[in-house]
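Some notes for a colleague going through this model. Please read them with the structure open beside you.

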Amino acid sequence: MKRVIFNQKGGVGKTSITCNLAAAFAKLGRKVLVVDLDAQCNASQYLLGDSFHEKHATIADFFESLLTFKIFSSPLKEAILSTPFENLSIIPGDRCLTEIQPKLEARYKIFKLRDSINEIIQQLGFDDVFFDTPPALNFYSMSALMASDRVLIPFDCDAFSYDALKQVMYAIEEVTADHHPELVCEGIVVNHFQQQAKLPQEAIQNLQNAGFKVLQPYLSTSIVMRESHAAHIPVVNLAPKHKLATEFLTLANTLDR
Ligand SMILES: Nc1ncnc2c1ncn2[C@@H]1O[C@H](COP(=O)(O)OP(=O)(O)O)[C@@H](O)[C@H]1O
Ligand SMILES: [Mg+2]
């Protein structure tokens with residue numbers, strides 16, 4: 001299954017959720033690929049640590065190759081890197097993504113990621129692909145939506161998040177209607193949940209009243225997430241018995257295969 005985690009709001013947990021769900025699927029024995037489409041490269045730093053800075057092909061090499069005609073090359077495949085975690089690979093992000101974006105838009109390359117990912121899945125036998133997206137509805141997040149079977153929307157229980165969420169839903173409906181009718185919105189992933197606080201409970205109730213599909217379990221706020229980013233080890237690997245890790249593993253188990 002190909003999955004994109006998207007919300008144009010920054011800091012909602014896209015990267016944390018992408019990497020931990022991917023790591024949870026890998027722990028369940030699935031062969032998993034993360035694709036980092038954000039020029040900030042947080043997913044690459046999270047999963048690769050210092051080795052991210054070693055010279056290696058990135059997702060930008062793939063997109064650049066679309067702008068120069070080459071017959072015998074498969075730059076997307078060449079950019080795949082193993083992570084230290086069993087069954088988990090990544091195509092690293094690149095700061096150059098920002099620079100080449102206008103050229104890609106001008107030349108209508110929006111379906112190229114989908115086509116190449118499908119080839120890679122066939123050739124290398126990945127069970128699941130997770131796309132981490134930038135905090136914007138731009139060429140890269142659109143390419144990921146086009147390439148995916150499912151979309152997950154993180155929601156951070158913040159007062160300003162409801163409007164952002166409505167915009168995401170509208171954008172997804174538009175993509176589905178105009179370009180990709182098979183794309184299924186799998187639901188909203190609640191992040192930064194605090195059991196004791198009243199506001200998150202109310203925010204979630206509002207979503208449900210508005211008819212949004214809210215997935216269970218909710219992901220708790222915990223310092224272990226920051227520790228995990230600092231250690232470059234997903235929470236599900238760093239502290240598998242931690243409440244947040246079990247929430248990720250339970251959530252992974254409820255998602256479509
Ligand atoms: N459940 C959580 N508990 C505590 N901190 C979290 C949690 N989820 C994300 N964070 C922190 O919030 C910040 C933003 O998360 P991130 O995954 O980078 O969001 P995005 O990719 O949407 O910008 C990071 O510093 C991350 O460590
Ligand atoms: Mg991010």
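1. Start with R3. In this predicted model, R3 stands opposite R150 of β6. The two strands involved are β1, residues 2-5, and β6, residues 150-155. They pair in the parallel sense, over 3 bridges.

2. Now place that pair in the sheet. The sheet is open and has 7 strands. Their order is β3-β4-β2-β5-β1-β6-β7. The pairing is mixed. In general, strands of a sheet pair through backbone hydrogen bonds, in either a parallel or an antiparallel way.

3. Which strands stand at the edges? They are β3 (81-82) and β7 (184-190). Each has a single partner strand, so one side of each is left without a neighbour in the sheet.

4. Next, the ligand site. Ligand 1 sits in the largest pocket. The shell around ligand 1 counts 15 residues, of which G11, K14, S16, N191 and S220 come nearest. By class, this shell has 11 polar, 2 charged and 2 nonpolar residues. Two helices, α1 (14-27) and α10 (223-231), each supply at least two residues of the shell.

5. Check the backbone contacts to ligand 1. A backbone N or O atom of G11 lies 2.8 Å from an oxygen atom of the ligand. For T15, a polar backbone atom is 2.9 Å from an oxygen atom of ligand 1. For V12, the distance from a backbone N or O atom to a ligand oxygen atom is 3.2 Å. How much of the accessible area of ligand 1 does the protein cover? On its own, ligand 1 has 550 Å² of accessible area, and the protein covers 85% of that.

6. One peptide bond deserves a look. The bond from Q216 to P217 is cis, with omega near -5°. P217 is found in the loop between α9 (198-209) and α10. Helix α10 is also one of the elements that supply at least two residues of the shell around ligand 1.

7. Last, a backbone angle. C41 is not a glycine, yet has a positive phi of about 60°. Where does C41 lie? It is in the loop between β2 (32-36) and α2 (42-48). In the sheet order, β2 comes between β4 and β5.

Methods. Residues are numbered from 1 along each chain as its sequence is written. Chains are lettered from A and ligands numbered from 1 in the order in which they are written. This is a predicted model: local features need pLDDT of at least 70, side-chain atom pairs count only at pLDDT 80 or more; totals for chains, interfaces and linings use all residues. Side-chain values use heavy atoms; hydrogens and water are left out. A residue is near a molecule or strand if one of its heavy atoms lies within 4 Å of it. A polar contact is a pair of N or O atoms within 3.5 Å; within protein, one must be able to donate a hydrogen and the other to accept it, and residues adjacent in sequence count only if both atoms are side-chain atoms. Accessible areas come from the Shrake-Rupley method with a 1.4 Å probe; for residues, only the protein chains shown count as cover. On a 1 Å grid over the protein atoms alone, a cavity is a set of points where a 1.4 Å probe fits but cannot get out, and a pocket is an open set with protein on both sides within 12 Å along at least five of seven lines; lining residues have an atom within 4 Å of a point. A molecule sits in a cavity or pocket if more than half of its atoms lie within 2 Å of its grid points. Helices (H or I, at least four residues) and strands (E, at least two) are DSSP runs, numbered from the N terminus. Ala, Val, Leu, Ile, Met, Phe, Trp, Tyr, Cys and Pro count as nonpolar, Asp, Glu, Lys and Arg as charged, and the others, Gly among them, as polar. Two strands pair if DSSP finds at least two bridges between them.
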